[in-house]
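Try each task yourself before reading its solution.

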Amino acid sequence: NELAVAEAALARKDLLLDAGALFPVFANWGPKSTAVGEILKAWNIGEDSVVFVDDNPMELSEVQQAFPAITCLEFPKNDAAKLWALLGELRDLFGKPVLMEEDRLRRSSIRAAVEMRAGGADTSSPEFLRGLQGTVTLDYRKNAAGKRPLDLINKTNQFNLNGVRVSEGEWQRWLEADDVVALVVSYNDKFGPLGKIAVGVGRRRGQCLRVTHWVMSCRAFSRRIEHHTLESLFGHSQVETMEFDFEPTARNQPLQEFFQALNIDKDADGVYRLCHSQWLDRRGPLPHQISES
């Protein structure tokens, strides 16, 4: 369709859904897969986390061919029962029993990320990152009542150390153990807060911290928050070495690329290991202010 037609429809006052909840909006006469690709780029998530709904089987096929991992669902025409079933399926896929603060921040943070990239600047350069006036907040308190860390571990795929999920019981036992280090990272900058966006968990054994879980939300990519996280884990734990329970998966390419950039690879013992002296040589700039809670 024409963008002006779509914008006029979204400007209606009787919509049950706030038009601002739809972002980004693409309306044109090009292939649907092109628009889907732009939306995935704006959201910075993988196609396997997305559902595409259309009432045209040809359009569904075109998008499925371009993005094989996407879930394509047909919107039924003139069939109330099938429509009701579709709504139930979408509810089961996306419904949440509790909304967290990060859920409420997601819309504004996605818009801010698009705005940040729209200027054409090198968003990975130290100068640009320092200009964000960012603050990384580090929280080592073991709060069993906090739902967000477990939610991140169990739903994050791209920046994920190994893809291993954790039950509430396991999480509770970790927080009760004296040798367990649990870090929750929050972030905000001049574009607004992202909320709690990263979790690192490990067990301390003498001068070594064995990191068993490490995840970071895709909304926090390209800000070097992962570098601040490692810096903090070394400093807080006062260890000489970190070992990582790293497993490459089909979906954690960003974590794999981070390890490659730091030259973290299996040693002779088959362990992914990083010494503090190696980290100091490889870490690069740390552009943000640090706050601890």
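**Exercise 1.** In this predicted model, find which residues Ser186 is in contact with, leaving aside its neighbours within four places in sequence. Then decide: is Ser186 buried or exposed?

*Solution.* Start by locating Ser186, which lies in strand E5, residues 180-189. Next, list its contacts: Thr135, Val136 and Thr137, along with Gly195, Lys196 and Ile197. Finally, check the accessibility: Ser186 has a relative accessibility of 18%, and buried means under 20%, so Ser186 counts as buried.

**Exercise 2.** Which residues touch the most other members of the largest nonpolar core? Pick Phe244 and list what it touches.

*Solution.* The largest nonpolar core has 39 residues, and those touching the most other members are Trp214, Leu230, Phe244 and Phe259. Not counting residues up to four places away in sequence, Phe244 touches Leu161, Val211, Trp214, Leu230, Phe259, Ile264, Tyr272 and Leu274. There is also a second, separate core of 13 residues, with Val166, Ala182, Val199 and Val201 among them.

**Exercise 3.** Describe the second largest pocket: what is its volume, and which helix gives the most to its lining?

*Solution.* Begin with the volume, about 290 Å³. Then turn to the lining, which includes Gly95, Lys96, Pro97, Lys147 and Glu168. Helix H7, residues 148-155, gives the most to this lining, with four residues.

Notes. Residues are numbered from 1 along each chain as its sequence is written. This is a predicted model: local features need pLDDT of at least 70, side-chain atom pairs count only at pLDDT 80 or more; totals for chains, interfaces and linings use all residues. Side-chain values use heavy atoms; hydrogens and water are left out. A nonpolar core is a set of buried Ala, Val, Leu, Ile, Met, Phe, Trp, Tyr and Cys residues joined through side-chain atoms within 4.5 Å. Buried means under 20% relative accessible area, exposed over 50%, partly exposed in between (1.4 Å probe, protein chains only). Contact means heavy atoms within 4.5 Å. On a 1 Å grid over the protein atoms alone, a cavity is a set of points where a 1.4 Å probe fits but cannot get out, and a pocket is an open set with protein on both sides within 12 Å along at least five of seven lines; lining residues have an atom within 4 Å of a point. Grid points are joined across faces, edges and corners, and a volume is the space filled by probe spheres set on the points. Helices (H or I, at least four residues) and strands (E, at least two) are DSSP runs, numbered from the N terminus.
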